[in-house]
Amino acid sequence: MLADVARSLVVKVTAGLDAPERCAQAFTVAATAVAAGVDVSLWLTGESAWFALPGRAAEFSLPHSAPLRDLLDAVLAGGRVTLCTQCAARREITEVDVLSGVRIAGAALFVEESLAEGAQALVY
């Protein structure tokens, strides 16, 4: 029965500065779900991989959108943030480069989280 199953949300964001509205939507949904008490896992892939680095989210600006840095901080405080292994490697980003609390993991963990009982996955 669904009411007895803990719900979780896995948000995969592929967009960054190349598609700012889509990027902001993903971070907004993830942060809103954290605020609602949902177990949230935010995956940074593609161009959003850069937001795993210190200072990068602060450089993002979109009119009528919450600051990306605030949204990312909310998810880091109450959920999980993962940087895609391949995306990190293509950008020469390592574990020593990323913000505190950001882990680097691959597709196997994304699939595991997405297919967990009670999970809902969204891709932006």
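This is a predicted model: local features need pLDDT of at least 70, side-chain atom pairs count only at pLDDT 80 or more; totals for chains, interfaces and linings use all residues.
Residues are numbered from 1 along each chain as its sequence is written, and side-chain values use heavy atoms, with hydrogens and water left out.

Secondary structure elements are DSSP runs numbered from the N terminus, with helices (H or I) of at least four residues and strands (E) of at least two. Strands are taken as paired if DSSP finds at least two bridges between them. On this basis, an open sheet of 5 strands is found, with parallel pairing and the order β4-β3-β2-β1-β5. Neighbouring strands are turned against each other by 25° on average, direction ignored; axes are lines fitted to C-alpha atoms, for helices over the stretch in contact, and angles run from 0 to 180 degrees between N-to-C directions.

Within the sheet, β1 (residues 8–13) and β2 pair in the parallel sense over 6 bridges, and V13 stands opposite L44 in β2. On β1, V10 has A121 of β5 as its bridge partner, and the parallel pairing of β1 with β5 comprises 5 bridges. Strand β2 is joined to β3 (residues 80–84), also in parallel, by 4 bridges, with W43 partnered by T82 in β3. Of the 6 residues of β2 (residues 39–44), 5 are buried (under 20% relative accessible area; exposed is over 50%, partly exposed in between; 1.4 Å probe, protein chains only). Strand β2 is therefore largely enclosed by the rest of the structure.

Helix α1 lies across β1, β2 and β5 and runs at about 160° to β1. Helix α2 lies across β2, β3 and β4, at about 110° to β3.

Residue S41 lies in β2 and is buried, with a relative accessible area of 1%. Its side chain makes a polar contact with the side chain of E113 at 2.5 Å; such a contact is a pair of N or O atoms within 3.5 Å, where within protein one must be able to donate a hydrogen and the other to accept it, and residues adjacent in sequence count only if both atoms are side-chain atoms. Beyond four places in sequence, the contacts of S41 (heavy atoms within 4.5 Å) include L9, V10, T82 and R103. In the loop between β2 and α2, T45 is likewise buried, at 6% relative accessibility. Residue T45 touches K12, V13, T14, C84 and C87, residues up to four places away in sequence not being counted.

A search of the whole structure finds 0 disulfides (cysteine sulfur atoms within 2.5 Å). The sulfur of C84 is 3.1 Å from its closest cysteine sulfur, in C87, which is too far for a bond. Residue C84 counts as buried at 15% relative accessibility. For C23, the closest cysteine sulfur is also in C87, but at 13 Å, too far for a bond; C23 is buried, with a relative accessible area of 0%.
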